[in-house]
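Visitor: I have a model on screen and would like to learn how to read it. Where do we begin?

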Amino acid sequence: MRAYNFCAGPAALPTPVLERAQQELADWHGRGLSIMEMSHRSSDYVAVAHKAETDLRTLLNIPDNYKVLFLQGGASLQFSAIPLNLLGKNARADYVHTGIWSEKALKEAQRYGDINVIEAGRTIDGKFAIAPQSEWQLSDNAAYLHYVDNETIGGLQFDFIPESNAPLVADFSSSILSAPLDVSKFGIIYAGAQKNIGPAGLTIVIVREDLLDQARSDIPSILKYSDQAKNDSMVNTPATFAWYLSGLVFEWLLEQGGVAAIQQVNLQKARLLYDYIDQSDFYANPIALQNRSIMNVPFTLKDTNLEKIFLKEAEGVGLLNLAGHRSVGGMRASIYNAVPLEGVQALVAFMQEFAKKHG
Ligand code: PLP
């Protein structure tokens, strides 16, 4: 039996996807070899790659004037690729700081330009929240405005899409495909695959066409969006297996009814867990209601000495990877698309039992 996996990334994958991949792996459509061993230029593989892109376009309703790139290097490489592609004559960009990932992104960008940091995290009644945009000091001349939709470690999520005259660039690594998104509001959306898309090794970049050709001329071709777009993300050998498997996840998601349907399940899961934490005096969540992530739920126990026992007992009943990020401690349940409602129900039942025993 498969356990419920609450890992923040690489994260749970849908069981039917893994079973299908297993079936297809030994022999791809009678060709006598697996998809992993096939040239990325072969017609079989190109069809797989193309289908994955088409399905992602359908899922997110991506307009025709956007390219979808399937790259490597993780979201972290995009922290550099974005300034290298977008900081042209105008070398200033605005970066909204809300947590650990937005800080990593702005620190990388500071190597390449003049970065205006907008401190948007604040505490209200002891809970962490995102300051409204009316309080931000945006630049008049920024090449773009960058923010992280969902801070995976803090469990802090935007409840709005910022307004900006400059192109909006957003890291959706831990929230892409969890809810419908109006792509047309963005210049660039990027995401490491290993949370809500597929396995590690693949990074999706959705980029508006007018932003393709602004890159510095001296940057590597692999990082240059225009080169990758011209070459269908195959400037070099792409992460073929991760791309294939992500395609299977997209098909699975379409079968679930698409992003609007999975959002309803995600909301139900998040509500169940937060409601339980809120009525308990044994567990606590540090985030203000409006900015609580529906994907990553950090929580603390009344007594930190119980953390190790909590994790051990949880693992004993098949509830895996509930430790918080090593930089913040505590617990964190990542409840991405592939974690079923039953998984969260099992977690809440376990938390109830644990609190009764140790409270
Ligand atoms: N951005 C966010 C919001 C993340 O959660 C992560 C990884 O956890 C990253 C960026 C870094 O992603 P990668 O490991 O793909 O570089």
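Guide: Begin with a pair of strands. Strand β7 (residues 145-148) and strand β10 (residues 168-171) run parallel and are joined by four bridges. Strands are DSSP runs of E, at least two residues, and helices are runs of H or I, at least four, numbered from the N terminus. Two strands pair if DSSP finds at least two bridges between them. This is a predicted model: local features need pLDDT of at least 70, side-chain atom pairs count only at pLDDT 80 or more, and totals for chains, interfaces and linings use all residues. Residues are numbered from 1 along each chain as its sequence is written.

Visitor: Which residue of β10 stands opposite V148?

Guide: D171 does. D171 also has Y190 as its bridge partner in β11. Strand β11 (residues 188-192) pairs with β10 in the parallel sense, over three bridges.

Visitor: How confident is the predictor?

Guide: Where pLDDT is low, the predicted coordinates should not be read in detail. pLDDT is the predictor's confidence in each residue, from 0 to 100. Here the protein chain has a mean pLDDT of 96, and 100% of its residues reach 70 or more. For the complex, ipTM is 0.99 and pTM is 0.98.

Visitor: Which residues are around the ligand?

Guide: A residue is near a molecule if its C-beta atom, placed from the backbone, lies within 6 Å of it. The shell includes V148 and D171, along with W101, T152 and G192. Helix α3 (residues 74-86) gives the largest share, three residues. By class, the shell has three nonpolar, seven polar and one charged residues. Ala, Val, Leu, Ile, Met, Phe, Trp, Tyr, Cys and Pro count as nonpolar, Asp, Glu, Lys and Arg as charged, and the others, Gly among them, as polar.

Visitor: How do I read two packed helices?

Guide: Two packed helices are described by the angle between their axes and the distance between the axes. Take helix α7 (residues 259-279) and helix α9 (residues 341-358): their axes come within 9 Å and cross at roughly 5°. Axes are lines fitted to C-alpha atoms, for helices over the stretch in contact, and angles run from 0 to 180 degrees between N-to-C directions. α7 and α9 are therefore roughly parallel, the term for angles under 35 degrees.

Visitor: Which residues of α7 and α9 meet?

Guide: Residues are in contact if their C-beta atoms, placed from the backbone, lie within 7 Å. In α7, they include V265, L272 and Y276; in α9, V344, L347 and M351 are among them. The contact has nine nonpolar, two polar and one charged residues.

Definitions and conventions
Parallel < 35°, antiparallel > 145°, perpendicular 65-115°, else oblique. Contact = placed C-beta atoms within 7 Å.
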